[in-house]
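Hi,

Here is the structure I promised to pass on. Have a look at it first, and then read my notes below.

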Amino acid sequence: MNDTELIREALEQHTPPRLTAAPDWDDVVRRAAQTTQPATSATLDHASELPAGAKLASSWRARRRRARTPRRLILAAAAAAALASALAASAAQSWWFFSSGAGTPTAAGSVYLVKTGTWVNIPWSMTAYRTANNDVCFGISPTASLNSSGLGASMACAHVAASTPISYLTNAQPNLPTNIVGPVSDQAQSVDVTLADGTIIHAPTFAAPGFPLAMRFYAAQLPCNEPARHVTGVDAGGRAIAQLDIPPEVRPHQTAGSSPGC
Amino acid sequence: MTTSEAILTADEAISAEELEELYRSRYHRFLRVAEAITGDLPTAQDAVQEGFARALRARAQFRGESRPETWVWRCVVNAAHNNRRPAEAELSDEAMAEKPDPTAGVEPLTAAVIMKPLIAALPAQQRLALFLRYYADLDYRAISEVLGVELGTVGATLHKAHATLKKKLEEAQTP
């Protein structure tokens, strides 16, 4: 064997091929979806309602004690945000809710893009992340401002478990049609949103690939003048497995012309 | 929403589907080069995953300075270099001076056993050129794009690597 053949053989043996190693593209996607640490805080948009950071945290804790109303939050910040879960289309940037200075619970891991959609020709994005004590913080934003100001965005945090298998955030403001979004038990195939007039909106649930908590999510546009009265998670067999009432004081109500689609 | 669904931009140079196809079709070549760089399989697997994840995240920023596949190779190679264990890829001249003792009563040394420290002692660029040539089966143009060197440099780099290994091998075999 000459030297060249010896070198070739040595290289073959130096690092043999690992043909039994299995590729995992889903893992690549999950890693690509992971964001970097949120950026430092930016100035707040005073044109929006801005609860103080302490209010956000305490209302979130209060929500846990009462297992009831998620606070309706409108947070805005001047930082850009990156999208997760699907594929980031730009370099890592800060999420509007971390940059608002409102004391948003810290994420234990990645922020996930749960769903995107369009209502009344307005693209929206729903995000969620897990906190250190396994709560879920979830929010919805016009996609245009998810990337910049957070204008029109809302978020809430809740503990979704066997005792409280559903939560919600209902939102009405000028930048996005009236809507209701939230997490629900992973057994729920759909969520029924019952309106004040008795109409039921059936919203399919969806998974967020790679999300670290066992749950699904839902998002539904609501009519302008009929707020939601309660939300019910329904399993594949049509059985109600979770329900929360929405107190009148947090039901958004919009008049004609005050928001898109109204 | 599927795990491969992409948010595409209008001027995207590499689609997520193309990246996935590249990943699936060439995975074991990427893994082999990564393991050659990092020195162990789990670290190499992580490097391949990270390299592709970076490519996936940054594909909108790809400006076409190279072919898409070689750009991805750079992502994976960089990830492998970031992950590799320190101090195991480099050998001092003293370590290189130790010669195998044919009278020690052990099994005859294989080419790999003889060559492994010699390969590790190569300059980094020569070593990487060898890996890309032998393990990834890249042509000289692709290697030049991955290494970030002129095309003509690749041949010279590989020639030097061979020459160094031959020289060290002869020294190692000299009683």
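Strand β2 of chain A (residues 122–131) and β3(A) pair in the antiparallel sense, over seven bridges. Keep in mind while you read that this is a predicted model.

Zooming out, the two strands belong to an open sheet of four strands in chain A, with the order β1-β2-β3-β4 and antiparallel pairing. β1 (107–119) and β4 of chain A are the edge strands, each pairing on one side only. From one strand to the next, the twist averages 15°.

C137(A) is bonded to C157(A), with the sulfur atoms 2.0 Å apart. The cut-off for calling a disulfide is 2.5 Å between cysteine sulfurs, and by that rule the count over all chains comes to one. The link between C137(A) and C157(A) is right-handed, with 105° about the S-S bond. C137(A) sits in strand β3 (residues 136–142) and C157(A) in strand β4 (residues 154–158), both of chain A, so the pair ties together parts that are 20 residues apart in sequence.

And are those two cysteines buried or exposed? C137(A) counts as buried because its relative accessibility is 1%, with the cut-off at under 20%. C157(A) also comes out at 1%, so C157(A) counts as buried too. Over in chain B, C75(B) has a relative accessibility of 13% and therefore counts as buried as well.

With a relative accessibility of 18%, E145(B) counts as buried because the cut-off is under 20%. What does its side chain do there? A polar contact of 2.6 Å joins it to the side chain of T70(B). Setting aside neighbours within four places in sequence, E145(B) is in contact with S66(B), R67(B), T70(B) and R74(B).

Last item, also in chain B: helix α6 (residues 124–134) is mostly covered, with eight of its eleven residues buried. The buried ones in α6(B) are Q126(B), R127(B), L128(B), A129(B), L130(B), F131(B), L132(B) and Y134(B).

Cheers

Key:
Residues numbered from 1 in each chain as written. Chains lettered and ligands numbered in written order. Predicted model: local features only at pLDDT ≥ 70, side-chain atom pairs only at ≥ 80, totals over all residues. Heavy atoms only, no water. Buried < 20%, exposed > 50% of the residue type's maximum accessible area, 1.4 Å probe, protein only. Polar contact = N/O pair within 3.5 Å; in protein donor to acceptor, adjacent residues only side chain to side chain. Contact = heavy atoms within 4.5 Å. Pairing = 2+ DSSP bridges. Axes fitted to C-alpha atoms, helices over the stretch in contact; angles between N-to-C directions.
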